[in-house]
Amino acid sequence: MGRKYLEDAGIHYHEASLEGEIGEKYQRQREVYGFDQSETWSLKHTFKVWLFERLSMYNEVNIIDTRFHLLEYKGEKLTFQDCIDRMLNGLRLELTGQGNPEMSDDVLKLFVLCYPYLWW
């Protein structure tokens, strides 16, 4: 399965193998749940991957003016687009092993701040 946004950002993603007995189990889980238990070993990591891919596509296809909303974060006025860009950059750095705990905290806080506007 392709992972365009991860590949474009140089993020290596390893899906669980579907070979052998465990692979059959994972395949059945994917058919029932849409994912398998291997994605639960680190929900923190799984969420970052999920958010990076979906936010990347959102940034590419939305039809709204993402510079319209002004949000305040850490005493700074940011557009919604500024927040999206910061989240994507922070997630890219984290998923390539270049992030830090403060960056992870910022991504989550920005996500919560932007949550009401993440639709188009």
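I took buried to mean under 20% relative accessible area, exposed over 50%, and partly exposed in between, with a 1.4 Å probe and protein chains only. By that rule I found that 37% of the 120 residues of the protein chain count as buried.

I noted that this is a predicted model, in which local features need pLDDT of at least 70 and side-chain atom pairs count only at pLDDT 80 or more, whereas totals for chains, interfaces and linings use all residues. Residues are numbered from 1 along each chain as its sequence is written, and side-chain values use heavy atoms, with hydrogens and water left out.

**Fold.** I looked up the secondary structure, with helices (H or I, at least four residues) and strands (E, at least two) taken as DSSP runs numbered from the N terminus, and it comes to 5 helices and 2 strands. Along the sequence I read the pattern α-α-α-β-β-α-α. The C-alpha atoms fill a box of roughly 55 × 30 × 25 Å along the principal axes. With contact meaning heavy atoms within 4.5 Å, I saw that residues 24 or more positions apart account for 56% of the contacts with a separation of 6 or more.

**Pocket.** I next turned to the largest pocket, where a pocket is an open set of points on a 1 Å grid over the protein atoms alone at which a 1.4 Å probe fits, with protein on both sides within 12 Å along at least five of seven lines, and lining residues have an atom within 4 Å of a point. About 590 Å³ of space lies in the largest pocket, the volume being the space filled by probe spheres set on the points. Its lining has 24 residues, of which R3, Y13, E15, E39 and T46 are the closest to the centre. Helix 1 (4-8) and helix 3 (43-61) each supply at least two lining residues, and helix 3 gives the largest share, with 7 residues.

**Q37.** I placed Q37 in the loop between helix 2 (20-33) and helix 3. Q37 counts as partly exposed because its relative accessibility is 34%. Leaving aside neighbours within four places in sequence, Q37 is in contact with K25, Y26 and Q29.

**W120.** I found W120 in the segment after helix 5 (101-114), and its relative accessible area of 47% makes W120 partly exposed. Not counting residues up to four places away in sequence, W120 touches Y58, V61, N62, I63 and I64. For the pair W120 and V61, 59 residues apart along the chain, I noted a C-alpha separation of 9.1 Å.
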